[in-house]
Amino acid sequence: MTHQMGVTGSYPLILAIWLLPLAGAVIAWAFGPQLKRQAGMVGSAAIGLAFLATLASWGAAMQNAGGHLGAQQPLGSWLPGFDFGLLLDPLSLIWALIITGVGFLIHVYSIGYMWTDKAIARFFAYLNFFVFAMLTLVLSDNFAGLLVGWGLVGLASYFLIGFWFFKPTAVAAARKAFVINVVGDVGIMFGIFLIFWKIGSLSFGDVFANVHALDPWLFWTCLFLFIGAAAKSAQLPLHTWLADAMEGPTPVSALIHAATMVTAGVYLVARCAPLWSASHDAQTLVGTVGCLTALAGAILGVAQWDIKRILAYSTMSQIGYMIMGVGVTAYSAGVAHFFTHAFFKACLFLGSGIIIHELHDEQDIRLMGGMQKRTPVAFYAMGASVLAISGFPFFSGFFSKDQVIYGALEHGYTWMWAVGLLTAGITAYYMFRLFFVTFFGTYRGELPPESVGVPRQLHDTQQEPHGSNEHAPSWLMAAPVAILGVFAVGAGWIMMGTGSPWARFFANSFPHETLPAPSVSELVTSIIAVAMFLIGALIAYTRYGSSTALANAPARLKSETEKLPAILVNLYYFNELIGLLFVKPAIAIGQFFSRTIDPHLIDGAVRELVIASRAVGTFGRSLQTGLLRGYALIVVFGAAAFAVYYALEGAAR
Amino acid sequence: MPHADLLPVAIGNYIGLSLVIFCIGIAGVLLRRNPLIMLMSIELMWNAANLLFLAFSRAWLNNAGHIFAFLVITVAAAEAAIGLAIVVIVFRNAQNVDVDEVALLKG
Amino acid sequence: MVLTLILLPIIAGGLLFLLPASDRKFSRTVGCIVAAITFLLPAFAPAGGAFTARWLSRPFTAAFHFDWSGISLWLVLLLALCTFCAILATNSRESRTMIALLLLLEGTMMGVFCARDLLAFALFWDLMLIPPFFALVGWGGHRETAWRYLIYNFSGGLTLLLATAAFGIIFGSTDVIGGPAHSLIGGWAGWIFAGFAFAFAVKTPLFPLHTWMPATYADTPPAMVSVVSAVQSKAGLYGFLVIGLPFLNASMMEYKWVFIALSLASLLYGAFAALTQPDAKRVVAYSSLSHLGLIVLALFSGSHVAYEGALIYIVAHGLFSAALFLILGYIEEREGTRSLKRLGGLGAWNPKLAGAFTIAALAALGLPGLAGFAGELVILAGVLRNGLFWPAMIALVPIVLASAYMLRLLQDIINGPPAQDLPERRDLTLVEGLAVAPLLLALVLLGIDPHSLTASIATFIGGLR
């Protein structure tokens, strides 16, 4: 019963989309020493071509024949029961467009960013490999292929976080990210097992046609799948790796840890919409986790000073919104937020990359200030993105975030609606805080770090290592940021109003979804959201942006650093908790096994056997006196015993 | 049935004599410490057995006893030869033929 | 034909001892050619060429019956490939002796995997224990480890022989492997199963009979241990597969919970212990305990899907553990230490070594797309499909732990700041690279297309019922 989701049996252009990045990776890897910087061109070209191929496939992805959406390309059977294939439908089209489109811009930017790095070819090999893996994830037409992609993006992320493998912090961050993601992989794996057990097939078509065969395991299936989604998308309580992942080069943070890979969880839930629509418990679970993550991430964003870490927690928070959206079955709203977020967050990361480059690898915003003049492109692009992420009316984030928050209300989760609105205010606060502290006032980098509250040893480990000060043509980095900035402003317009292009695009993808109808409450939601934005932005302005605040900025920042609550500085003690609950016990158990049980218990038992056989031997030895007459006596007694025995036996007869 | 009339002396006497010789042999092996004497005592035991073989062979009119007696004589000769060789070697090495002093096989 | 596989390596190995002990090049050439022949023969004639000669007719019939078709083919190919790579990687003052021992090991293990007669199986089982013993004694003089290895495994060989004899007397013939399935039942079946199972469990090893293994794997020279851990440890699993499942199925199912419990214990025990080992080879050794526990779980799950996964994983584990041990051998040869605390930052000047090591370690931690993942996925899917919910759940924990200890192994050696006191900085030579490349290539190919493997086991499974 192979039930396909796409209409056509074959659409080879998907193969081109899928394999071009792999080809780029192989070329960059195999000819890296010869290509050097040209590897960047090759890699960017591969992704650019894949983007064009994706655009060319638009029509095929949108075709609809009796509920069978999109184009399908079989890849052959991997194992009996595991048939692989590629599927391009509206959902995967959106992801593929972002992966290749934003990916292309980030590739171009990376040529400039990594210009002086000796391992630039290796960098592009990894980056192209990541795009290939991510496309595997979103283009697969079955759960097994999705899991393969899921694992491979984790690997690419591992390589890229640990790209500067001589930095111990980067190595540790890479390992942490990989292990936590394996927890997620295992969750998905188990979800897949449940599906395979109950349905006997892993293709999306078969599974979604037989959702009720999963009863009573439906909730458990969703739960296990969501463990994977939570690990990959940095949801509570598996979020701790994301901030550490900022050890990777900034373009990596933009592409993998903001725009694409971390949204894989959103993709998974949206893809499995038929499962979630059938299980109310799963909706509540995922909505709750997403909502709490949005809030928790935003609060942590308030207490960070490292520009990339602020953005990392912001990413965590925004993905929380997306997860909340798809969790409460407002699928197209969650996906919409993914779409706009990819632009403004990539823009923010790349803009901060420009600043980091300009300041020779300084990442602490307390040591920035006044960047408005030194990096104007970053100032304008990031300004637009800050407005977008904070929900300034008619910027892209405004539309998608409203959709998510209103979606929660519409599906009956009032408290999520309230928390979502509160989080929107906090978002505006911490984003404007970042903006004002970085761009306004005067440059503080020449001050001694202690005077703005930066501990010395922390400061030294946070820098990205670059080679010489030789710089690439500045447009290589400026142009992608500018383009992303434009999209950060305008990408939301396609979501405006009823019957918007966005709504029509997804009209057939999520048949279980009831689309929000315009009503007073939606208008009210928007008004409250804008009010929250204003409040947050105003607080940030008075604290960091106003002329009085800017006048004594260093002292202010120092005192504020000292006043931050310990629970926020220590990230709610999550790392310590995980260490206490999992890492330390595992190591203790391992040491107990190899130092106590192996040598003492098991080998001890074996040794008892040895001792016992030795005792028997010692007893036997003691009989061997070597005295001839003693032996003779024993022989005589033995013979006598025989004689007596037979004599008695004869007498008894 | 034993052919009692073929034996000029009653069979019980042969058994008694054999028993006496055998016990003398045992006593010799157990009590004496000179290996030559012990070998001779073993010869006594062999011959006690031979005596019985022949007596019963005669009584049952069965030649198997004779054959066994020959076998025993042959084996006894071989055993004496080996035994004497061992005694000679031990004597050469230890300058002493007291069996209680020689305990090379002590475990 | 099949006798070539067994006798050619043994004769060649024996003849190598006639060469001067200092010889390097010639013995390596001979060894590689012999190993290549033993690989190419079955690869190009997978149908095999059976050989039969009468051995015993009383008290039961036994024959020198050998063949390489069916499941044996994959183990034969794995063995020949691993031996080839190990010989190619051998380059030291004692090359000649090591290569000779490797060839002897290959020949005797070919006997195990090709035997169609239980008595011949038991004979070669004991013979295959001898070359590693001499390797342990001869290199560094690890006498205690050597004796421990030998006594543990020979006691298994003893119960194997007793069980074989009992099987022959009850069944009338020991010429049964690969023949029609026939499950023994009755009072003796349990004892016969116990005899076989003890031997197989020691060899695999299965908790709690594993304590010979970490020391053996750590002390045996790398070329030898790569074959021992990759292929010799599979002899027990192969035994469960071709002797246990067809002929002692009733007993296997009767005691399945005992073995499922032990396999889960192995899985967890090995994974936890591997987390903390300071010695790189011991990390891999304990990881083997964990990985092979998964295969035992599959074989006792009663699920045909899991049997398929077991075969995939047997081959996959052979490939990656051989590669890992060879690479650790290179590292030890260069730096003179295996301590994870002392090593570090090798990736900076050894990019090829780092690349090969990364692929092998990723395969070992079950990265999707490589062969290890295919095995894990299919095994666990099969186990769960047979209703063993909790065993499947527990078996997921070691997957997370595997990523932790494998990354620890990988990163502590190749990442981080370069350790300055390490003596050598040369990257892999061409020959050293060629010695691990086939293993890594096979891991990738089997990960993408494990289909060819499962096709052969499908026939076998069809014969079970």
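## Where chains A and C meet

Let's start with the contact between two chains: 34 residues of chain A are in contact with 37 residues of chain C. Here, two residues are in contact if their C-beta atoms, placed from the backbone, lie within 7 Å. On the chain A side, strand 3 (71–79), helix 7 (143–161), helix 8 (168–199) and helix 29 (574–623) each supply at least two residues. Helix 8 of chain A gives the largest share, 13 residues. Helices (H or I, at least four residues) and strands (E, at least two) are DSSP runs, numbered from the N terminus.

By class, this side of chain A has 25 nonpolar, 6 polar and 3 charged residues. Ala, Val, Leu, Ile, Met, Phe, Trp, Tyr, Cys and Pro count as nonpolar, Asp, Glu, Lys and Arg as charged, and the others, Gly among them, as polar.

## About the model

This is a predicted model: local features need pLDDT of at least 70, side-chain atom pairs count only at pLDDT 80 or more, and totals for chains, interfaces and linings use all residues. Residues are numbered from 1 along each chain as its sequence is written, while chains are lettered from A and ligands numbered from 1 in the order in which they are written.

## How the chains are arranged

Of the 2 pairs of chains in contact, chains A and C share the most contacts. Chains B and C do not touch, and their nearest C-alpha atoms are 25 Å apart.

## The nonpolar core

A nonpolar core is a set of buried Ala, Val, Leu, Ile, Met, Phe, Trp, Tyr and Cys residues joined through C-beta atoms within 7 Å. A residue is buried if 20 or more other C-beta atoms lie within 10 Å of its own, exposed if 12 or fewer, and partly exposed in between, with C-beta atoms placed from the backbone. The largest core has 431 residues, of which A:A346, C:C85, C:I327, C:A360 and C:L443 touch the most other members. Helix 15 (residues 304–335) of chain C gives the most to this core, with 21 residues.

Take a look at C:A360: leaving aside its neighbours within four places in sequence, C:A360 is in contact with C:F320, C:A323, C:L324, C:I327 and C:L440.

## A helix and a hairpin in chain C

Helix 18 (residues 389–414) of chain C is mostly covered, with 19 of its 26 residues buried. After this helix comes C:G416, whose phi is positive, near 85°.

Strands 1 (residues 51–56) and 2 (residues 62–66) of chain C pair in the antiparallel sense over 5 bridges; strands pair if DSSP finds at least two bridges between them. Together they form a hairpin with 5 residues between them, and C:T52 stands opposite C:H65 in strand 2 of chain C.
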